[in-house]
Protein chains: 2
Amino acid sequence: MINEVYKNMLRGKSVIRELSEYATERGKEIGYENVFDYSLGNPSVPCAPDYTEEIIRMHREDSPMDIHGYSPSLGITAVRQAVAESLNRRFGMDYETKHIFMTSGAAGALSHAFRCVTKPGDEILTFAPFFPEYTPYVNLTGAVLKVVPADTENFQINFPAFEEMLTDKVMAVLVNTPNNPSGAAYNTRTIQRLAEILYAKQKEYGHDIFLISDEPYREIVFQGADAPYVSKFYDNSISCYSFSKSLSLPGERIGYVAVNPRATDADVLAVMCGQISRGIGHNCPSSSVQLAVAKVLDQTSDLWVYETNMNLLYEALSRMGFQVVKPGGTFYMFPKALEEDANAFCMKAKEYDLILVPSDNFGVPGYFRMAYCIDTEKVRRSIPVLERFAREVYGK
Amino acid sequence: MINEVYKNMLRGKSVIRELSEYATERGKEIGYENVFDYSLGNPSVPCAPDYTEEIIRMHREDSPMDIHGYSPSLGITAVRQAVAESLNRRFGMDYETKHIFMTSGAAGALSHAFRCVTKPGDEILTFAPFFPEYTPYVNLTGAVLKVVPADTENFQINFPAFEEMLTDKVMAVLVNTPNNPSGAAYNTRTIQRLAEILYAKQKEYGHDIFLISDEPYREIVFQGADAPYVSKFYDNSISCYSFSKSLSLPGERIGYVAVNPRATDADVLAVMCGQISRGIGHNCPSSSVQLAVAKVLDQTSDLWVYETNMNLLYEALSRMGFQVVKPGGTFYMFPKALEEDANAFCMKAKEYDLILVPSDNFGVPGYFRMAYCIDTEKVRRSIPVLERFAREVYGK
């Protein structure tokens, strides 16, 4: 008999994907260059050339048995060691090989981390606005995702709401900084305060509360932003990383879990990930991709285009009178819509071939997300269209 | 709090892995060439050269955005279409793109298939001897794996035992042909009879019973073996494939689910896999690996070495008086041990640097598995050692 739980999931449609498909179809009518498609968070810059060189070199020179052999279930040992050393060098941590578990991107990392530190029925708190895929990730573990209302002033953390929701049932807190969709990076003060509260509540409740940090945008931080490494501030922390955005390799499904060496049971958490992996049929990312990524751990793609685009849009939107928090990183921006109903706002924008994603799915009504991982030239051309739209429809 | 379910899994050790690690250590003492390591099912032949060529070509010539972009959640459409066409061409099926879901090898395929057609508490039947990893794969879905005792005569199916265990609670039957560890391939008569029984029981119980076919060894079939395509015989069938063995790409984690177009809900099962995938953080195999594999779907590595090794060992073991069923495929053989306790037998063999895996974990006591995916030269050198062992210890 078909499993009804998964069958029912088919009804849930992704607004982002629908808008992206609309943009593609519309592009066929008027030319895609005329569709200002801000829907999808797909990197717009090529991967780091050294990655490509390494893949070609290893396929040419190395033994196929070595590059395509079974990876141990926690990942290739030398790769895990290289990841630990890179993190230690860059963030002053003291990870060892045993703290690193290689995953299929951040999605894989998160779903293993959730299963490690929660059991069905436990609560996981996250903060609006948030990446909507967190909901299925958490639901299928049996834990319950609860969303703390947004700090719409700065898209840092709404601490009064957080403290109220941080009950005895909460076993993990999930943060995403720099944030999809707001682009905000949590500053030192925010993370320090978060850690203080978690330490106090661990003591009060007498159980661990893990801080799970989703960090695919960690390397996309703009000038002047204060965006420290989360695990520096809290012992019971697990970093979930993906190379999708930093190296522009989203399709290669490569990332890792890094367990804070000072976390409870730090020595077994990665091994547990291996056991979870057996059960859910994940069994490591591609061995050749692991090996190639290990050669470019301290590199990124040319990410400056995202900052150029952000500055152009931030300046233009502010000038037009939009309320918008200046992003500290990512390739997203999250301005307030010009009417209460973000869906209505985005529908009207669509008439101008401006493809904007309404905010409701991100857990905050009345905003919209722009994914500005597109050509700068198109960003420039979109600004007069945004202006015309705001003027004609909203008298701005 | 650490999840105790996964923490407890850490206690379960893999006998195969322990033996393999012992063999590596022993190799450091006496030279690995002197350890007759029949423990691990790791392909011993390089991947198909056209795969390597295609990886190099695409990384040199194609746009990085195209080859490393996000794969749709069911896999790259052109790849799924190519898989369907290849299966139709080779096995006379009528798969369409919508029936194919790209996975991280057979492990990924199985864990999605189980979740599609069972719910927690349902029973899944499989047949001894069986691949021990089926236990964690099934356990983590919440379903219950029950093992039908072996037909030790031929390692086909013990039908009387099967019919007795095929109760109303069974929602899926899992077969693996050619089989790990026995090497036996189910013949036409076996699969026909299996299908007849399943059709009758579906009718009697008034619910679907899915046949899930684990097929990583499908292309490793020896001369004269009758090893038909399972899904030809039964409508409610799901093929779970891996390129690990046929193309010698175990580390690349690439395979697929192929849903029989005549199955109940055939049109939604692959889409459900996509939803399951969201929840367990799998999210597609590597995009570049998908694209490269699509170019070599009808190829295999040079697999003849496995048949050469099988013939050498089968002839030698038979001559020595071992009871052994001649394999129809794979790179495994499953002879009867020379004493009742297979563990004791394998411990004694270890003294001769013969690394054999005792059968208990495969669900049959008193046998041992030999994975003869090793150099033929080593197989030849191992035969006098096997003879000496059988003579000195068991007077054979």
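This is a predicted model: local features need pLDDT of at least 70, side-chain atom pairs count only at pLDDT 80 or more; totals for chains, interfaces and linings use all residues.
Residues are numbered from 1 along each chain as its sequence is written, chains are lettered from A in the order in which they are written, and side-chain values use heavy atoms, with hydrogens and water left out.

**Exercise 1.** Work out how many residues and salt bridges join chain B to chain A.

Step 1. Start with contact (heavy atoms within 4.5 Å): chain B gives 73 residues and chain A gives 73 residues.

Step 2. Now take the salt bridges (a side-chain nitrogen of Lys or Arg within 4 Å of a carboxyl oxygen of Asp or Glu). The count between the two chains is 4. One salt bridge pairs B:Asp265 with A:Lys7, at 3.3 Å from N to O.

Step 3. Next, look at the elements (helices are DSSP runs of H or I, at least four residues; strands are runs of E, at least two; both numbered from the N terminus). On the side of chain B that touches chain A, helix 10 of chain B supplies the largest share, 9 residues.

**Exercise 2.** Decide whether B:Ser248 is buried or exposed, and find what it touches.

Step 1. Locate B:Ser248: it sits in the loop between strand 7 (237-242) and strand 8 (255-259) of chain B.

Step 2. Buried means under 20% relative accessible area and exposed over 50%, with partly exposed in between (1.4 Å probe, protein chains only). B:Ser248 has 5% relative accessibility, so it counts as buried.

Step 3. Leaving out residues up to four places away in sequence, B:Ser248 touches A:His68 and several residues of chain B, including B:Pro43, B:Cys47 and B:Phe243.
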